[in-house]
Amino acid sequence: MKILTVSLLVAAVALSACTNPNRFGGDDAMAGSGNPTGGQPLGVVPGSANDPNSTAFFNQTVGDRVLFEVDQSSLTMAGRTTLDGQASWLLANTDYQAVIEGHADEQGTREYNLALGARRANAAQEYLVSRGVPANRLRVVSYGKERPIEICSNEACYAKNRRAVTVLAGGLTS
Amino acid sequence: MKTLRICLALVCAVMMATGAQAQQGPLRITIEEGIIQPLPFAVPDFQAETGEAGQLAADLARVIAADLQGTGVFREIPSSAFIANYSDFNAPVSFPDWKAINAQALVTGAVAVSGNNVNVKFRVYDVVSGTNLGEGLQFSGTTDGWRRMAHKVADEVYSRITGEGGYFDSRVVFVSETGPKDDRKKRLAIMDYDGANVRYLTDSSAIVLAPRFSPTGDRVLYTSYESGFPRIYVLDVGSVQRRVLQSAEGTMSFAPRFSPSGNTVVFSLSQGGNTDIYTMDIASGQSVRLTNTPAIETAPSFSPDGSQIVFESDRSGSPQLYIMSAAGGEARRISFGEGRYGTPVWSPRGDLVAFTKQNAGRFHIGVMRTDGSEERLLTASFLDEGPTWAPNGRVIIFTRETQGEGGASSLYSVDITGRVLRQVNTPEGGSDPSWSPLQQ
């Protein structure tokens, strides 16, 4: 476990560096969380975003979502990279299950978008399973266009709404 | 009789625009010349036959007039223009006074209230020929059902003058919406077709979508996330009791509609990322899979005789409309225009399919014949979708959503000529309407 955790952290630092280096107040903080002595790094509050086993860490550093092109449900390169990180995290944190939520932008009918969201969620699920995550830990749900996170009516928002989000459950009680 | 002929011409003009075979020559001329004029009518306040009936006598006349005016086929002459002083249902009508203000149809009535009971009588006159249009009729009911009595009178007037079935004594079930786009609350609501008597059928604790009336209007199918996953429920309108219809683990189900018999539901089921169309016998819960392709198949709707199903599929690469047997099997594509087609709904008359079309960044509600010919777009906006037919197949209600951060949904109606577009009153935002049959 220890080895896996450390290697994961390194991956997470790399990932974080390319996506959002200042998420935790700068690179110094990340260097701290990569403490090679193992166990809980100094200054890490369990469950907080710099606890690598926390859902906050998963959501923010690993990345809980992948985005899709217009009308597409095939994974992008960036999406595969994110899902690789999710798979590693889920394999390291076996107490967690996940529901993958598929979403569409508002361009399209309600029914078609529900079906499109199902395709997207399924694409993410299949990729995670292909990376070794047991299928019985993953469920999918489509919200179609019912749950946008961005509300403007142009591509800047649509691009963020066309997403599959891996929502963790469990971990605390088991 | 002259008036009657003019009225008929109007109706046939409406029929013509649907692409129905024109039976009478002059009507075609009317359409092509674009000289459709709404028929002027007058509905003076009804005579109050009892002391308690005064308010009702006025209210009934207002609802009847609003029903007729709302069709776009009729134009109300305001009471301020009246010359004749109508006060006695049984007195001879002073036709010259009504002719003088250009009324072509006149509706008169009387109402009596006794305790909770209401009795409404009415007559329809052809003013130009000075004759009765059909017999006088009366309806009895209770005071709290007075609006339905008004709608019944208006349906009768509409039918007598147009030769079409009416649609005013009907209801709409829809999704009532509040809150911003990224925190929208949705609950099912039911109301009279004109927006009166709104009643909520669910709370907004879970997303609810696309309610659909049963053929008798007593039950509603809808999709709810109350389990955390989209599943189809059937709700009894009277008792508001609901039960889940389909809940197989690892699946999602949505887009349900009743068969014309009311015994079967056709719907979409997603499993493993693939969405196909199924039917389910409501009593036994037995399902039959009708489509089996890797494409998205959704938004199914039965033909009125129950023998066929029109649906949406992206098997060609983009969403298009197809028709297949109600038992499944081969499907034939009926939409071939530019753009993407969705949510087809078979007209209760069987002649047309209404649909949502997305093309060049705009959405439209349109109609086409069931062989795909004579496609006509009735609306255009940032986002129009989800048509539902009036019981007489002459009017459509749909969802219109406005653009941008403050975007909100509301219900609109449009007649099948596309000339009469109106917003339907709802107390909150509204989406996903389903129109009931005429009430019994």
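Helices (H or I, at least four residues) and strands (E, at least two) are DSSP runs, numbered from the N terminus. The model is a predicted one, in which local features need pLDDT of at least 70 and side-chain atom pairs count only at pLDDT 80 or more, while totals for chains, interfaces and linings use all residues. Residues are numbered from 1 along each chain as its sequence is written, chains are lettered from A and ligands numbered from 1 in the order in which they are written, and side-chain values use heavy atoms, leaving out hydrogens and water.

On the α4(A) side, the contact is made by A:Arg80, A:Leu83, A:Asp84, A:Gln86, A:Ala87 and A:Leu90, and on the α5(A) side by A:Ala124, A:Tyr127 and A:Leu128; contact means heavy atoms within 4.5 Å. These residues divide into six nonpolar, one polar and two charged, where Ala, Val, Leu, Ile, Met, Phe, Trp, Tyr, Cys and Pro count as nonpolar, Asp, Glu, Lys and Arg as charged, and the others, Gly among them, as polar.

Helix α4(A) also packs with α3(A) (residues 55-63), the axes coming within 9 Å and crossing at roughly 150°. The two are therefore roughly antiparallel, and their crossing is right-handed. A:Phe57, A:Phe58, A:Val62 and A:Gly63 of α3(A) meet A:Thr82, A:Gly85, A:Gln86 and A:Trp89 of α4(A). By class, this contact has four nonpolar, four polar and no charged residues.

Turning to chain B, helix α3 (residues 54-70) and helix α5 (residues 146-162) pack at an angle of about 45°, with their axes 9 Å apart. This pair is therefore oblique, and its crossing is right-handed. Among the residues that meet are B:Leu60, B:Val63 and B:Ile64 in α3(B) and B:Ala150, B:Val153 and B:Val157 in α5(B). The contact as a whole divides into eleven nonpolar, one polar and three charged residues.

Between the chains, 43 residues of chain B are in contact with 28 residues of chain A. The two bury about 3,100 Å² between them, 55% of it on carbon and sulfur atoms; buried area is the accessible area (1.4 Å probe) that two parts lose on being put together, summed over both. B:Lys181, B:Phe229 and B:Ile296 lose the most area in chain B, together 17% of what that side buries.

Nine salt bridges are counted between chain B and chain A, each a side-chain nitrogen of Lys or Arg within 4 Å of a carboxyl oxygen of Asp or Glu. One links B:Glu385 with A:Lys145, the closest N and O atoms being 2.5 Å apart. Over all chains, the count comes to 34. B:Asp314 and A:Arg119 also meet in a salt bridge (3.0 Å, N to O). B:Asp314 lies in the loop between β20 (308-313) and β21 (320-325) of chain B and A:Arg119 in helix α5 of chain A, so this pair joins two chains.

How values were computed: Axes fitted to C-alpha atoms, helices over the stretch in contact; angles between N-to-C directions. Parallel < 35°, antiparallel > 145°, perpendicular 65-115°, else oblique. Left-handed = near helix turned anticlockwise from the far one by under 90°.
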